[in-house]
Amino acid sequence: MESTVKDARHEPTGWVVDNRSTVGGGVEDSYGEDCATEDQIITPWSVSVASGCTLLRDPRFNKGLAFTEKERDTHYLRGLLPPACLSQELQEKRLMNNIRQYQTSLQKYMALMDLEERNERLFYKLLVDNVEELLPIVYTPTVGESCQKYGSIFRRSQGLYISLKEKGKILEVLKNWNERSVHVIVVTDGERILGLGDLGCQGMGIPVGKLALYTALGGVRPSSCLPITIDVGTNNENLLNDEFYIGLRQKRTTGQEYYDFLNEFMCAVKQNYGEKVLIQFEDFANHNAFELLAKYRKTHLVFNDDIQGTAAVVLAGLVASLKATGGTWADHTFLFLGAGEAGTGIAELIALEMTKQSNKSLEEAREKIWMVDSKGLIVKSRMESLQQFKRPWAHEHEPCKDLLDAVKAIKPTILIGSSGVGRTFTKEVIEAISSYCKKPVILALSNPTSQSECTAEEAYTWSQGRAIFASGSPFDPVTLNGKTFTPGQSNNAYIFPGFGLGVVMSGTIRVHDDMMLSAAEALAKQVTEEHLEKGLVYPPFRIIRKISAHIAARVAEKSYELGLATRLPRPADLLAFAESCMYSPTYRSYR
């Protein structure tokens, strides 16, 4: 099926393909990005047909030495490239060899970002084919270091920076973005980047990294992804005094002015991109994250990955771990270290799953879940001083001043860390839970690695090899008494890419909690007995595209059941449809 060049005065910037290629939520595949359009011949098209140096300098069109002899003649590339023609596979092999020569992860990160700016499809081909090796480079933990040094390593803007200077003009700023068909926005204000605190404008590394994974792992088209940083200042004195800092040099704006600015942003996004653009809130501070989610979830297609995404991936791990520990939800008691947006979000989704799997009410389910914050165990005697989002987790009990006391008193079977404070699951804590629990489930979720509550080696050693362990950042396998344990990574990247694809392909207009439960259950179903025997409660990342397709199908199915999907008629085979909608990074042939 061939495409035709159309009049530039009447066509949007993009690659012209057959109008019937409308996968991806019913939106035309203008750039020939989806699996369904892999076999089409396309025309590289911007304002005019891209050729010569223009073609080589456009990362979306550039194929480097992979241009064929015919393409070099047709698009005036003779002499602009060496005479050799290399396949995409050979280019990939060469680049991976080069990346592996770098000594530090940050150097590898910068090399990959440079590649994305030169050759978009080759960048994503590397990520898709080498996901287990490169995920820690483009995402946690390396992305944390990149954000800390973002001002020093800044090359080229990869998204939109909306600062207080643009107050009253946010809609105009959005119109400056060159793509009109935007399906997914990841936005941060940089106040709570991973466990690193306020990084202000330099938090842009997070939306950029997240959206790279939406594409590589979930198959969402890169042309439809938009990273945004809201810059309202920073309270980080080191950044304010850094001559290379790229953001506003002022203290962080708070209160009504802050919320008015965010409201202008949310209204402008909806006006410019419509009802069906997914807005993911990322790394907002607790006090803003809950309020923004509560305010806009009824009027916009929004979700908070730190609250809901983390909750879904942890729930999936817990569902899988029940296969190893045996018993039901009612047999377990949960204790959290950390009662912020991640901890309370996880707890709420666990409670919802417990109500679904038993006859318990939501209040009864919550009574099985306990939390420790910086002041100790959350109990009813502290109710007056608790923030609103912590109050559902305050139960009748004597106060406990720290985690160890709480473990001894509550006797949890599942211990979950979301505190952002490293090495808090001490030897005494793990030995205490192991003293009465045959197979304790220990999840050290805080990122980056330095902030993890314990290491895999510590969890396995102190529990005498009986712990079922997973962490937020990756750890190497551990050999103990002749047996090798492979720790799982409770990584949000298991959930949000497939979730996003499901929302986009179904034309969903709101996010419902049941959709998050469906995503978690779909992920848990991908864990096999073979995985559990190795100590894994998550499937390997090498099959993440398959996992994402299954998650997308289940999310879309639930959206249709709830009446929230607008793509009609509903596809007969949602899994096959999800696979056809997924972005393919293989090079296209140019006419």
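These notebook entries record what I looked up in the predicted model shown above.

**Entry 1. Basis**

I number residues from 1 along each chain as its sequence is written. Because the model is predicted, I take local features only at pLDDT of at least 70 and side-chain atom pairs only at pLDDT 80 or more, while totals for chains, interfaces and linings use all residues; side-chain values use heavy atoms, with hydrogens and water left out.

**Entry 2. The whole protein**

I looked up the secondary structure and found 24 helices and 14 strands. Helices (H or I, at least four residues) and strands (E, at least two) are DSSP runs, numbered from the N terminus. The radius of gyration is 24 Å, close to the 25 Å that the globule rule gives for 591 residues, so the protein is as compact as a globular protein of that length. This radius is taken over C-alpha atoms, and the globule rule is 2.2 Å times the number of residues to the power 0.38. Along the principal axes, the C-alpha atoms fill a box of roughly 80 × 55 × 55 Å.

I also noted that 60% of the 591 residues are buried. Buried means under 20% relative accessible area, exposed over 50%, and partly exposed in between (1.4 Å probe, protein chains only). Of the contacts (heavy atoms within 4.5 Å) between residues at least 6 apart in sequence, 72% join residues at least 24 apart.

**Entry 3. H4 and H5**

Two packed helices are described by the angle between their axes and the distance between the axes. For helix H4 (residues 105-118) and helix H5 (residues 120-129), I read axes that come within 6 Å and cross at roughly 140°. Axes are lines fitted to C-alpha atoms, for helices over the stretch in contact, and angles run from 0 to 180 degrees between N-to-C directions. H4 and H5 are therefore oblique to each other. Angles under 35 degrees count as roughly parallel, over 145 as roughly antiparallel, 65 to 115 as roughly perpendicular and the rest as oblique.

The H4 side of the contact includes Leu112, Met113 and Leu115, and the H5 side includes Leu122, Phe123 and Tyr124. By class, I record 7 nonpolar, no polar and 3 charged residues in the contact of H4 with H5. Ala, Val, Leu, Ile, Met, Phe, Trp, Tyr, Cys and Pro count as nonpolar, Asp, Glu, Lys and Arg as charged, and the others, Gly among them, as polar.

**Entry 4. H23 and H24**

Helix H23 (residues 544-561) packs on helix H24 (residues 574-581) at about 120°, with the axes 8 Å apart. This pair is therefore oblique. Among the contact residues I list Ala549, Ala553 and Tyr560 of H23 and Leu574, Leu575 and Ala578 of H24. The contact of H23 with H24 has 8 nonpolar, 1 polar and 2 charged residues.

I then checked the loop between H23 and H24, where Pro569 lies. The peptide bond joining Leu568 and Pro569 is cis, with omega about 0°.

**Entry 5. Other backbone points**

Most residues other than glycine have a negative phi, and most peptide bonds are trans. I found a cis bond from Thr140 to Pro141, with omega near 10°. Pro141 sits in the loop between helix H6 (131-138) and helix H7 (142-148).

Tyr76 has a positive phi, near 55°. I place Tyr76 in the loop between helix H2 (69-74) and helix H3 (88-99), and Tyr76 is exposed, at 62% relative accessible area. Lys411 has a positive phi near 55°. Lys411 lies in the loop between helix H17 (403-410) and strand S9 (414-417), and counts as partly exposed at 45% relative accessibility.
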